[in-house]
Amino acid sequence: GDLLEAARGELRAEAGLDGGTWVALCPEGIPQDAHSKDRVHPYLVIDSQVQLPLSSRDGVEIEHGVRLDEVLRRVYAGEMLGPAAMASMMAMDKLHQLNL
């Protein structure tokens, strides 16, 4: 299936966000682990819009508008799971490259 459409659907369902400019952070994907053919395809979404007012989903707290310095603090404090930390670091690098 189409990875971008799948990602759009996940963001809509999990965070209540829609639209925006989508940037594939690693178009070829990143191997999930050494023993799997599955690949992670992280995206950066700029200027998405809140469509559903969600406070939590599946026990995960949804936070909109978290500042980049706070994301970085959470990464280095070990407060994020590996895939989220990796995608966050890649997204911050891309934002820097785009001068945003």
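Modeller: Searching the whole structure turns up 6 salt bridges, a salt bridge being a side-chain nitrogen of Lys or Arg within 4 Å of a carboxyl oxygen of Asp or Glu. This is a predicted model, in which local features need pLDDT of at least 70 and side-chain atom pairs count only at pLDDT 80 or more, while totals for chains, interfaces and linings use all residues. Residues are numbered from 1 along each chain as its sequence is written, and side-chain values use heavy atoms, with hydrogens and water left out.

Side chains of opposite charge can pair when their charged atoms come close. To describe how open a residue is, we call it buried under 20% relative accessible area, exposed over 50% and partly exposed in between, using a 1.4 Å probe and protein chains only. R12 counts as partly exposed because its relative accessibility is 35%, and D18 is partly exposed as well, at 28%. In another salt bridge, D69 meets R67 at 3.2 Å, N to O; here D69 is partly exposed at 48% relative accessibility, whereas R67, at 59%, counts as exposed.

R73 pairs with E79, and their closest N and O atoms are 3.0 Å apart. R73 has a relative accessible area of 40%, so it is partly exposed, and E79, with 49%, is partly exposed too. This pair belongs to a network of salt bridges that links E70, R73, R74 and E79.

Helix α3 has 16 residues, 82-97, and at 1.5 Å a residue it should span 22 Å, which agrees with the 23 Å between its end C-alpha atoms; the expected span is 1.5 Å times one less than the number of residues. The buried residues of α3 are A85, S88, A91, M92 and L95. These residues cover an arc of only 125° around the axis, so they lie on the same side of α3, the arc being that of the directions from the helix axis to the C-beta atoms. An α-helix has 3.6 residues a turn, so residues three or four places apart point the same way. The partners against which the buried residues of α3 pack are β5 (43-46) and α2 (68-76), where contact means heavy atoms within 4.5 Å.

I46 is placed in strand β5 and counts as buried because its relative accessibility is 17%. Leaving aside residues up to four places away in sequence, I46 touches G20, T21, L95, L98 and L100. The C-alpha atoms of I46 and R67 are 14 Å apart, and the two residues are separated by 21 residues in sequence.

M89, by contrast, is a residue of helix α3 that counts as partly exposed, because its relative accessibility is 31%. Just after α3 comes N99, which takes a positive phi of about 60°.

Conventions. Helices (H or I, at least four residues) and strands (E, at least two) are DSSP runs, numbered from the N terminus.
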